[in-house]
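Hi,

Here is the structure I promised to pass on to you. Have a look at it first, and then read on for what turned up in it.

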Amino acid sequence: MMSETVPINFLLVDDLAENLLALEALLQREGLVCLKARSGEEALELLLIHDVALALLDVQMPGMDGFQLAEFMRGSERARHIPIIFVTAGTTDAQRRFRGYETGAVDFIQKPIEADILRSKANVFFDLHQQHRQILAQRDELAANADALRTVDRNKNEFLAVLGHELRNPVMALGAGLHLLNRHDDPVKALEIRRQMERQVVHLSRIVDDLLDISRIDQGKIELRKERVDLQTVLAFAVEASQPQIEANRHTLTTDILAEQTWLDADPTRVAQVVSNLLNNAAKYTPEGGQIGLVARVADGFAEIEVSDNGIGIPEEMRSKIFDLFAQVKSPVTRAQEGLGIGLALVKQLVELHGGTISLKSSGLNVGSSFQVRLPVVG
Ligand code: ADP
């Protein structure tokens, strides 16, 4: 924890340098930093900058004496809570003692100083200071955790709302389709209705499959059916799966895939799902007639698969979040498009299960985006 590595400061105030050195030698140990002041003024300057666990004040000093210094300290927001040990010469008269207590002094120690007593008194305050720091650090940590939980909870709630909408659309369309089918005898019309219904079923199934995948990954229950597969075949599957989406939007797909046969130890369905998801996104977030690119090469033992488009791009503030679960939900602007914001989160997890990485290589508003997936190759 941070509080264990940050040293603890203590302040010694005495007009005599040799006293300062003697006290320092007596108290110094690892993890402590000794701040020394030859006068009350010097001490106040140090207190402006440093956080101090304990102040040892010589009572008798020319100019501002120890008690006056203590009074100043009590008057300052920063120094008010610093415990003070007054070092008094010989026997102190009761009145002076009293003045000391009034200003909030914590303790007195008399010269000649008994080393063990001073050390154990000082240690009590150092320990207290350390504990106080730990409590503050724990408090901050708890607050940060609570904050993160609140965000997750809010995202999940918003996600449920979006999911409801997403599911309702195809369900309504299917209901309407059934209704129409019941009324139409015309086989041509019926065929068209069935085609539409099929598309809705495909869409529904994709949502449900993604949801199941996400929850399986979350519970560590997903199983990769790994085999030795060649990259070219997997990419061909992915392109085939995304073709309808690309064509529907009249995009042009340009591929540049290395010719040399490249083997992966991977689940071919999942890798194809990853690439196809990126291609679908490229198609979805690019205005009609756009350019989509798929490039694959090998570098440093990894297959590098890049999917790029010249579409709407990803706003700066979204870029760090797009791989988070339910990311898209927060952006009602892009919500005009269908989507639950779980696709990229799923893609990232699938890539990582394969020992790979995914990154957004570049993105510019209305210039397009480019994603890169890296997967280890065999041999
Ligand atoms: P969704 O189901 O909403 O598409 P994803 O997880 O696949 O969810 O993507 C998250 C968000 O990232 C999308 O909603 C979209 O805003 C943005 N995004 C993903 N891919 C692209 C892209 N190629 N171009 C522009 N924005 C994209």
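Helix 6 (115–183) gives the most to the lining of the second largest pocket, with six residues. Strand 3 (52–58) also supplies at least two residues of that lining. In total, 17 residues line this pocket, and D51, V52, H81, H129 and H132 lie nearest its centre. Its volume is about 360 Å³. A pocket here is an open set of points on a 1 Å grid over the protein atoms alone, where a 1.4 Å probe fits, with protein on both sides within 12 Å along at least five of seven lines; lining residues have an atom within 4 Å of a point. Grid points are joined across faces, edges and corners, and the volume is the space filled by probe spheres set on the points. Helices (H or I, at least four residues) and strands (E, at least two) are DSSP runs, numbered from the N terminus.

Please keep in mind that this is a predicted model: local features need pLDDT of at least 70 and side-chain atom pairs count only at pLDDT 80 or more, while totals for chains, interfaces and linings use all residues. Residues are numbered from 1 along each chain as its sequence is written, and side-chain values use heavy atoms, with hydrogens and water left out.

Five bridges join strand 1 (residues 8–13) to strand 3, and L12 stands opposite L56 in strand 3.

Strand 9 and strand 10 run antiparallel and are joined by eight bridges, with V295 having E306 in strand 10 as its bridge partner.

Is D300 buried or exposed? D300 counts as exposed because its relative accessibility is 71%; the cut-offs are under 20% for buried and over 50% for exposed, with partly exposed in between (1.4 Å probe, protein chains only). D300 sits in the loop between strand 9 (291–299) and strand 10 (302–309).

Enjoy exploring!

Conventions. Pairing = 2+ DSSP bridges.
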